[in-house]
Amino acid sequence: MTALKKLASGVGWGTASIIVNTIFQLFFMAIMARLLDPADFGLIAIANVSLRFYSYFSQAGIAPALIQKKSLDEGDTSAALAISLGISCFFYLIAYLASPWTEDYFEMQGLGLVMQVLALNFIILGFSSISQALLRRESRFKAISIIEIISYVLGYGVTGVIAAYLGAGVWSLVLAFMTQSTVTALLSYFVIRYPITFKHTKAQRKSLLGYGVRYSFIGFIEFLTSNLAPLVIGKLLGASPAGFYSRAQLLAHLPVQHPTNILTRTLFPIMSSINDKNSKLLISFQLSSLIVGCYACAVGIGMHFAAADIVSVLLGDKWVEVVPLLKILSLSAVPLYMAHTASVTLDSMAQLKLSLRIQMAVLFLMVSLFVWFSSSLTLENISYIILSMAFFRFILMYGSVIKLLNMAKKELGLILIILMSIILSTALIMNLMLLMTAAIDLPIIRLLFDVIAGAMGLIVALFFSRYFLRQLHSVDYLRNQLPVFDKIMAI
C-alpha cells in the first residue's frame, strides 16, 4: 500500500472514529454538566494534570520509538514491554505516595484518593502502549478506530453516565476513564497479540531508550506549557474556577483536536518510513497545514461568535462564566494545532533537540508572564496568556520546519492567503447569521444556524481560493494522484 493510500485509509477510519466519539462525548458532556458540579470537573482536571506530570516519564517514549524504528528484530517488543511496565510500575508508586502531598498543596479534599485510583492507569498504559504502537506501525487504522469507539462508548457513554445518574459524583468520571483505558488495553492486545516475554539484549533496551527518553522529555515540556494554566488556576483560584476553565478548554479544543490527532497519528508512522524525505515531507507538511489550518480557522472563528449558544446548549445556565473564556480560547485553535502538525514533522525528521529548544522557550516565556501578572491573574487574563503562547509556539515551530524543508516563500504566502480568506469569510457570514437569528429564543436552533454559517464560510472561502490552491506543489501532487480531486479543482 502506498503512503497516500495509507494516509487515506487512516484519515477515513479516523474520521469515522471522530464522528462516533464526538457524538458520545457531546452527549456525555451535556448530561454530566447537569448532573455534576463545576468543582467535580475541577477536581478531576487537577488530578489528571498532576498525574500527567508523571505519565510522560512513566512511558519514556517507548511507543514512538517502536513506531519510528526502521525494522523490528526478535526481542524488540520484549525490550519495549519490559521498559514500559517497569517504569510504569515505578511511577505508579511515586504518584501514589505523592498524592496526599498534592492534595495538601492544592487544598482540595478528596484529590489524593482520586489520584491514587487514576494512577493505576500508568500500569494499564504500560501494557497497552506496546499494542497500540504495533498497530500504528502496521498502519492498521481500521482496528485502532474500532477499538477507540468501543472503549469510549463503554467507558464514558455507559459506565460514566450510569454512575453519574446514580449519584457517584466525581467518581463517575474516574470510573469512566478507567473503564475506557482497560477496554482499550484488552482489545488492542486481542487484535495484535505478541509474545509476553522479557527476553532481550542490553543493546535493544539502549536503542529504544535513546530515542524514547528524548521524545518523552520533549513531550513533558510540551505538557507543562499546555497545563501550566490549570495548575495555576487550581492553586490560586480554587476548584470551581478550575472547572470553568477545564470546560472552556475542552470545548475550544474538542472540534479540532480529534481530527488533528487522527491526521498526525496517521502521518507520523508513514512519514517516519519515507526514504525520500525532503520532497515527501514537504508535501505532507503542506497538506497537513492546509487540512488542519482551513478546518481550524472555520471552527475557531465560528466558536468565537457562537460561544454563548454553545455553552447554553452543551453545559447549561450554571456555566455562563465559561462563555468569555471560550471566546478567547477558541481563537487559539488555529496556531495551536497547526503548530502540532509542524511538531510531528520535526519528530519524523528526528529533530528532537530543535523541538526541545522551542518548547523550552515557550515554557520560559509563559512562566515569565504568569509571574509578571501574578498580582492580577483572572480566568480571562490567563486565557489571553495561553492565546499569546499558542501564537508564539506556532511562529517558532513553523519557522523551523519551513527553513529545514526549504519551503518557498511563495507557497507560504499562498497558504496564509487561503487561511486569511477563510477567517474573513467565516467571520462575515457568522455575523450576518447572528443578526438574522437574534430574535430566536431557542439556543439549540441558533446553534444549528451557527454551524451552518461556519460551514458556509469554509466552503465559500475554499471556492474562491481555488486559484491559490492550484499553485501549491502539494495540491498539484494530489491532483496527479487522485483523479476525483483533480475534477473538483477544475470546476
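User: Which residues in H4 meet which in H6?
Analyst: First, this is a predicted model: local features need pLDDT of at least 70, side-chain atom pairs count only at pLDDT 80 or more, and totals for chains, interfaces and linings use all residues. Residues are numbered from 1 along each chain as its sequence is written, and side-chain values use heavy atoms, with hydrogens and water left out. From H4, Thr-77, Ala-80, Leu-81, Ser-84, Leu-85, Ser-88, Cys-89, Phe-91, Tyr-92 and Ala-95 meet Phe-122, Ile-123, Leu-125, Gly-126, Phe-127, Ser-129, Ile-130 and Leu-134 from H6. Contact means heavy atoms within 4.5 Å.
User: How many nonpolar, polar and charged residues there?
Analyst: The H4 contact with H6 has 13 nonpolar, five polar and no charged residues.
User: What angle do H4 and H6 pack at?
Analyst: About 155°, with axes 7 Å apart. So H4 is roughly antiparallel to H6 (over 145 degrees).
User: Switching to loops. Where is Glu-107?
Analyst: Glu-107 sits in the loop between H4 and helix H5 (111-118). Its phi is near 55°, a positive value in a residue other than glycine.
User: Is Glu-107 buried or exposed?
Analyst: Glu-107 is exposed, at 68% relative accessible area. Buried is under 20%, exposed over 50%, partly exposed in between, with a 1.4 Å probe and protein chains only.
User: And where does Asn-406 lie?
Analyst: Asn-406 is in the loop between helix H16 (379-405) and helix H17 (409-436). Phi of Asn-406 is near 55°. Asn-406 counts as exposed, at 66% relative accessibility.

Notes:
Axes fitted to C-alpha atoms, helices over the stretch in contact; angles between N-to-C directions. Helix = DSSP H or I, 4+ residues; strand = E, 2+ residues; numbered from the N terminus. Parallel < 35°, antiparallel > 145°, perpendicular 65-115°, else oblique. Nonpolar A, V, L, I, M, F, W, Y, C, P; charged D, E, K, R; others polar.
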